[in-house]
Every structure is written in C-alpha cells, then in structure tokens.
Amino acid sequence: PMQHANNVDLGEIAKFEALANRWWDPDSEFKPLHDINPLRLNYIDERAGLAGRRVVDIGCGGGLLAEGMAVRGAEVLGIDMGEAPLAVAELHRLESQLEGLSYRRVTAEALADEQPAAFDLVTCLEMLEHVPDPLSVIRAAARLVKPGGHLFFSTINRNPKSFLFAIVGAEYLLGLLPRGTHQYTRFIRPAELAGWLRMADLRLDDLTGMVYNPLTRRYRLDRDVDVNYLLHAVKGA
Ligand code: SAH
C-alpha cells in the first residue's frame, strides 16, 4: 500500500479544486463533461446494466457521472482526492435528494486494500491522464471489482491529431477547456491501456471513440479512437 501513496499529482488536483464551484454549470469549463455524460451513461448502462449494481467511480470530481448512475438505480460511491470537487458533489447530491450515493476522499489504491472485490462495476473516466502511475490505478480497479464484474475507462489518445484536437483546439482555439488542463505526455494510447489491462488480468471487451464535431458542438460515439476514447473491460470469473 505505501508504494501507492504518491500516485497523486497535487498540481493536477489543484487545477480541479480551482474550478470546482462551476462543475454543474453546463456552460462552464466542464461543458465537455456535461456534453459527453449522456453518451457514456448510455454506454455503461447498455453494456453492464446500472440498476441495482454496486458501483465505485474513481476520480468522480463534482459527481456528474456518479449522480447519473445513481439516477439510473445504481448504488454509487464516488471517490476523488480533491476536497472542493467532493464538496460540490456532496452538495449536489443533497439538492437532488438521491439515495444510494456517497462520496469519499480516498485513493483507488487505498480503497482496494480496504474493500477488495466489493463492487459490480468500476468506472474511471477522464482521470488516468491526470495521475503519475495509471497502471497502479488500473490494478486497484481490478482489485475493487468482483470476479465477472465490469470496468469502464476513458482517456485521451497520444498522437499528433490528439495534440491538435485535445490541446491546441480544445484549450487554445475553441477555449472549451482552460489552458494547461491536459499534458500531452500523459495521454495514453489504446494499445498501452490494453497492455495495462492485460497486466491487471482484465479482458478488453470493447473500445469506442468519442468524437467532437465543432460545427454542431456535439459529441458522438464513433469508431474513430484518435482523440477521446472509452472502453469496457471485464474481470474474469
Ligand atoms: N470522472 C469525472 C471527473 C474527471 S476530472 C468525469 O469524467 O466527469 C478528473 C478528476 O480526477 C478530478 O476531479 C481530479 O481531482 C481527480 N483526480 C486526479 N488525480 C486523482 C487521484 N490520484 N485519485 C483520485 N482522483 C484523482
């Protein structure tokens, strides 16, 4: 457990702390997360079924996905290392008067030591590209999920096109995200992520792209995984 103690980049956490009060504003820096939320909720629900499932959402931030899953009938624990995002998530939960939703400030690694094989589903979206050691998070996710359970990860590919779209386009030209939100070197190629899943004894079930159309300002699921992508993995029974 101690070797995981440093798998938190305080600089990354600070970026999200600074913006957290605007998390639920769909016209804020978090607009892209609002825009992709229905797509990913449908993807998760269709592939694993949310109602009645016990779910942990790693790097839950202000709770957009965690709350969406609770609305669909899952019992959700959202975890994050940012204080302000968790406070915002908790306030929104109170306003929404949702049962079966709770939040904790804990790392995936520490929770896996405490509650191994306790969850039917593990989600970890738009988070791996913010941690020093993504494989450590994937291994923790694999320990958190029950045998036969489902895991969902999303992140950003690393290639010239993703640099152009996710950093130059999104942060500098379109201003969808604050400048400095993403570091190119932390982006993860699908083949790298697939290799880490294998190392954690997980089976990759599906890989799908999330593509932004700047003209319609809409995202859609697509075969093109060049920039944003989402995947479904399963832990062997
Ligand atoms: N998963 C959410 C939020 C993504 S933003 C969504 O897709 O809607 C990334 C989040 O990861 C931030 O809230 C940040 O605080 C969190 N984070 C970064 N490093 C982390 C770590 N090591 N452990 C837990 N959360 C972390």
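Reader: Which helices each supply at least two residues of the shell around the ligand?

Author: In this predicted model, they are α1 (10-19) and α2 (31-48). The shell has 16 residues, and Asn7, Arg40, Gly59, Asp80 and Leu125 come nearest to the ligand.

Reader: How do the residues of the shell divide into nonpolar, polar and charged?

Author: Ten are nonpolar, three polar and three charged.

Reader: Which polar atom of arginine 40 lies 2.8 Å from an oxygen atom of the ligand, side-chain or backbone?

Author: A side-chain one. With glycine 59, a polar backbone atom is 2.7 Å from a nitrogen atom of the ligand. Leucine 125 also uses its backbone: an N or O atom there lies 2.8 Å from a ligand nitrogen. The protein buries 98% of the 580 Å² that the ligand exposes when taken alone.

Reader: Now the helix. What span should α2 have?

Author: Start with the general idea: an α-helix has 3.6 residues a turn, so residues three or four places apart point the same way. For length, count 1.5 Å a residue: the 18 residues of α2 should span 26 Å, and this agrees with its end C-alpha atoms, which are 26 Å apart.

Reader: Where does α2 bend?

Author: At asparagine 37, by about 40°, and proline 38 follows within four residues.

Reader: Which residues of α2 are buried?

Author: Among them are Leu33, Ile36, Asn37 and Arg40.

Technical notes
Residues numbered from 1 in each chain as written. Predicted model: local features only at pLDDT ≥ 70, side-chain atom pairs only at ≥ 80, totals over all residues. Heavy atoms only, no water. Near = heavy atom within 4 Å. Polar contact = N/O pair within 3.5 Å; in protein donor to acceptor, adjacent residues only side chain to side chain. Areas by Shrake-Rupley, 256 points an atom, 1.4 Å probe, with all protein chains shown as cover. Nonpolar A, V, L, I, M, F, W, Y, C, P; charged D, E, K, R; others polar. Expected span 1.5 Å × (residues − 1). Bend = angle between axes of the 7 residues up to and from the residue. Buried < 20%, exposed > 50% of the residue type's maximum accessible area, 1.4 Å probe, protein only.
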